[in-house]
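This report goes through a predicted model.

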Amino acid sequence: MEKPSWRRSLPDLGMVLLLVLFPHYVPLPFYSYALVCFLALLYYLRRSGESLRSLGLQRDGVRPGTVAVGLLSALVWVAFMRWVYGPLIAHFFTVPDYTEYDFIRGSVQRLAMTLVAAWVVGGFYEEVVFRGFIQSIFEKHLGGRRGAFWLSAVAASILFGLYHWQQGIFGVVAATLGGLYWSCVLRLLGRNLWRPILSHALYDTIALVLIYLGLFNR
């Protein structure tokens, strides 16, 4: 794979920075930043002669097996976060209470609205942006270098972690690990972006329901 020229590298870098920084520095109400960024990404892909399909978003990619993989991998990640990551950091550090989504407790309506956002933004948008676009950009710029996918996965996952800086250092670490996990789902189970999308969305769904029930521990 030939590396893109510097003339392509600068616009690629600019697009990556826009997707990572815009949501934090141009705050828009209730996840509407995602619509702005997604439209910008579609425009950028079109100008580059690419599409969402070139990022791994297969038109016929959602099948019963895809859903099963998404659900199983989501449950695995829920188990890891609840019974490995959570207890481990609590053993070594004083972990503040996680309160970002406390507003959904006691309100089915707010839970439902947040679940919709989890599927549209957390699952679909974030996976298209990070595992789809940003990771593929890094991989493309590494050319045919050995291990390009995994180097790109690490870089994209670090950005994904920093993208969650509002959740504190433990949230950043958790998101970075989550990014690596969904990169593994993408790589090891066939490069169908719908698998990490469903896995991510289902994980968020389970976590939000646990928060609603008062059973969540980071």
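There are 17 aromatic pairs in the structure. One of them joins tryptophan 77 and phenylalanine 80, and this pair is stacked, with 4.7 Å centre to centre and 20° between the planes. Rings of Phe, Tyr and Trp (its six-membered ring) pair if their centres lie within 6.5 Å; planes under 30 degrees apart count as stacked, over 60 as edge-to-face and the rest as tilted. Helices are DSSP runs (H or I, at least four residues), numbered from the N terminus, and strands are runs of E of at least two.

Tryptophan 77 is buried, its relative accessible area being 7%, while phenylalanine 80 is partly exposed at 27%. Buried means under 20% relative accessible area, exposed over 50%, and partly exposed in between (1.4 Å probe, protein chains only).

Tyrosine 181 and tryptophan 182 make an edge-to-face aromatic pair, with 6.4 Å centre to centre and 65° between the planes. Tyrosine 181 is buried at a relative accessible area of 17%, and tryptophan 182 is buried at 3%. One aromatic cluster is formed by Trp77, Phe80, Tyr181, Trp182 and Tyr203.

The criterion for a charge over a ring is NZ of Lys or CZ of Arg within 6 Å of the ring centre and within 35 degrees of the ring normal.

| Arginine | Ring below | Distance from ring centre |
|---|---|---|
| Arginine 131 | Phenylalanine 160 | 4.4 Å |
| Arginine 187 | Phenylalanine 149 | 4.8 Å |

The nonpolar cores come next. A nonpolar core is a set of buried Ala, Val, Leu, Ile, Met, Phe, Trp, Tyr and Cys residues joined through side-chain atoms within 4.5 Å. The largest one has 47 residues, and those that touch the most other members are Leu19, Leu41, Tyr125, Val128, Phe133, Ile134 and Tyr203. At least two residues of this core come from each of α1 (6–25), α2 (33–47), α3, α4 (108–141), α5 (148–162), α6 (168–188) and α7 (194–213). The helix that gives the most is α4, with eight residues.

Leucine 19 is in contact with Cys37, Leu41, Tyr125, Val129, Phe133 and Tyr163, leaving out residues up to four places away in sequence. Contact means heavy atoms within 4.5 Å. Another core of eight residues lies apart from the largest one, and Tyr98, Leu111, Leu115 and Ile211 are among its members.

How do α5 and α6 cross? Their axes come within 7 Å and cross at roughly 145°, and the crossing is right-handed. Axes are lines fitted to C-alpha atoms, for helices over the stretch in contact, and angles run from 0 to 180 degrees between N-to-C directions. A crossing is left-handed if the near helix is turned anticlockwise from the far one by less than a right angle, and right-handed if clockwise. Residues in the contact include Ser157, Ile158, Phe160 and Gly161 of α5 and Thr176, Trp182 and Arg187 of α6.

Threonine 176 is part of helix α6 and is buried at 17% relative accessibility. Leaving out residues up to four places away in sequence, threonine 176 touches Ser157, Ile158 and Gly161.

Several loop residues remain. Asparagine 192, in the loop between α6 and α7, is buried with a relative accessible area of 4%. Asparagine 192 touches Gly56, Gln58, Gly61, Thr66 and Leu186, not counting residues up to four places away in sequence.

Arginine 59 is in the loop between α2 and α3 and is exposed at 76% relative accessibility. From arginine 59 to valine 128 the separation is 69 residues in sequence and 14 Å in space, C-alpha to C-alpha.

The loop between α1 and α2 holds phenylalanine 30 and tyrosine 31. Phi is positive in phenylalanine 30, a residue other than glycine, with a value near 40°. Tyrosine 31, also a residue other than glycine, has a positive phi near 65° and is partly exposed at a relative accessible area of 25%.

Residues are numbered from 1 along each chain as its sequence is written, and side-chain values use heavy atoms, with hydrogens and water left out. Since the model is predicted, local features need pLDDT of at least 70 and side-chain atom pairs count only at pLDDT 80 or more, whereas totals for chains, interfaces and linings use all residues.
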